[in-house]
Amino acid sequence: MAKLWGGRFSKNTDALVDDFNSSIRFDKRMYAQDISGSQAHAKMLGRQGIIKKEDADLIVKTLGEILEDIEAGKIEFLIEAEDIHMNIETILTQRIGDVGKKLHTGRSRNDQVALDIRMYLRDSAKEIRKMLSCVMGAVLEVAEKNTDTIMPGYTHMQKAQPVTLAHHFMAYFEMFKRDMQRLSDWEGRVNVMPLGSGALAGTTYPLDREFVARELGFNSVTRNSMDAVSDRDFCIELASCLSILMMHLSRFCEELILWSTNEFSFVEMDDSYSTGSSIMPQKKNPDVAELIRGKTGRVYGSLITLLTMMKSLPLAYNKDMQEDKEAIFDAVDTVMLCLPVFTEMIKTMKINKENMLEGAKGGFTNATDIADYLVRRGVPFRDSHEVVGKMVALAERLSKKLDEFTMEEFKSCSPLIEEDIYRAISMETCVEGRNLIGGPAKARTKAEIEEGYKFLAEVE
């Protein structure tokens, strides 16, 4: 087929070049955005008198019919037409002849693709935010049911202090909240309309860029035509936001994988979110969590692809930039695949509260509370720290937990210790005593859960 840009050329492109050069295999997903952008552009051309209004109306009407046919599966895109933009323009021209050829007046594929991908990613980010909101809602549900579920908190993967499962889950809620905020911030920067920048230097036609921006829901228009067609910061920034989001999912999954081991036995994945072994009949593998953890690297790869692709490109547009779409589309697809399955996985898993409590009782997680007990009796913290360190060493020699000490054993470490020590170092007291903003006490955690629900209500 004849190329829409072929006037200067005396030979057809080789079939291998057509296939190599074509992006229709992956950019065809932007057909709705391409048509919406073209309809807005055509309306503007008619309003400005650049083309006849009846021609603009026919173009808009026919593009709508093409959209319906695409969604009905009646149209097959051609590799020879290279990309979604030229495929749709070719179909338009086939249907309405020379009038269709007027659509591209005052624009280039450079600003057209910049428009389409901004619109596509803007729509995709809205879907991701909805899915992330479901994840956060599931986290709140689990937290709300487990404000009394005591478990060990860790540093360096060593038992540190007792917390609650609710407090632990709410830590991830805070991470996801920042992810949501990052996506919201990004939407403000992507929502700038590049159409009208032409190939790199704008156009001599009296375009009304602000009209097109309003038609397409953009907040503003780009201020430099060279930057507008060569900017892919919005792809890189979105890939960065999605990489951080996947990192948070991966951290969460890593803990769930650990907790589902026999050694921890804190949680058990539902059968519908687990798989078995082809050889070992006893196995119940947390494959969903493992695969999310693995797919995180895939999203990181997309970010690195985009950064590397852009790092040495001179202004303005270069063909290298065609590589932006596969990378960012794959990142978006991967996140959209992971979020719903993660939501259901945590909603259906079984929580072994007794094992969590027993886990908290081991590892001397109440040692700091004994030190604080002595501080309240006038012992400087550094001295109390040393006393309790020796107490832990004694407990290890006696193979006892600290709350299993006799009063005589406590007294041998410090004569200031009285009978109230047993209440002071119970798991419940250790948790409830940390009743400050950001702490794990039940009242504080419930307040944070309420704030979480308010946050979700505001972003929906």
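One term before the first click: buried means under 20% relative accessible area, exposed means over 50%, and partly exposed is in between (1.4 Å probe, protein chains only). This is a predicted model, where local features need pLDDT of at least 70, side-chain atom pairs count only at pLDDT 80 or more, and totals for chains, interfaces and linings use all residues. Residues are numbered from 1 along each chain as its sequence is written, and side-chain values use heavy atoms, with hydrogens and water left out.

**Stop 1: helix α3**

Select residues 31-47, which make up helix α3. Helices (H or I, at least four residues) and strands (E, at least two) are DSSP runs, numbered from the N terminus. Of the 17 residues in α3, 12 are buried, including S38 and H41. What do these buried residues pack against? Show α4 (53-71), α5 (84-96), α6 (109-144) and α8 (209-215): those are the partners. Contact here means heavy atoms within 4.5 Å.

**Stop 2: R107**

Now pick R107, in the loop between α5 and α6. R107 is buried but has no salt bridge. A salt bridge is a side-chain nitrogen of Lys or Arg within 4 Å of a carboxyl oxygen of Asp or Glu. How far away is the nearest side chain of opposite charge? That side chain belongs to E89, 4.8 Å away. (Lys and Arg count as positive, Asp and Glu as negative; His and the chain ends are not counted.)

Look at what R107 does have: its side chain makes a polar contact of 3.1 Å with the side chain of S38, and another of 3.0 Å with that of H104. A polar contact is a pair of N or O atoms within 3.5 Å; within protein, one must be able to donate a hydrogen and the other to accept it, and residues adjacent in sequence count only if both atoms are side-chain atoms.

**Stop 3: salt bridges**

The structure holds 31 salt bridges. R95 is partly exposed at 37% relative accessibility, while D69 is buried at 18%.

Next, select E237 and R189, a salt bridge of 2.5 Å, N to O. The pair links helix α10 (residues 233-259) to helix α7 (residues 165-190), 48 residues apart.

Notes. Expected span 1.5 Å × (residues − 1).
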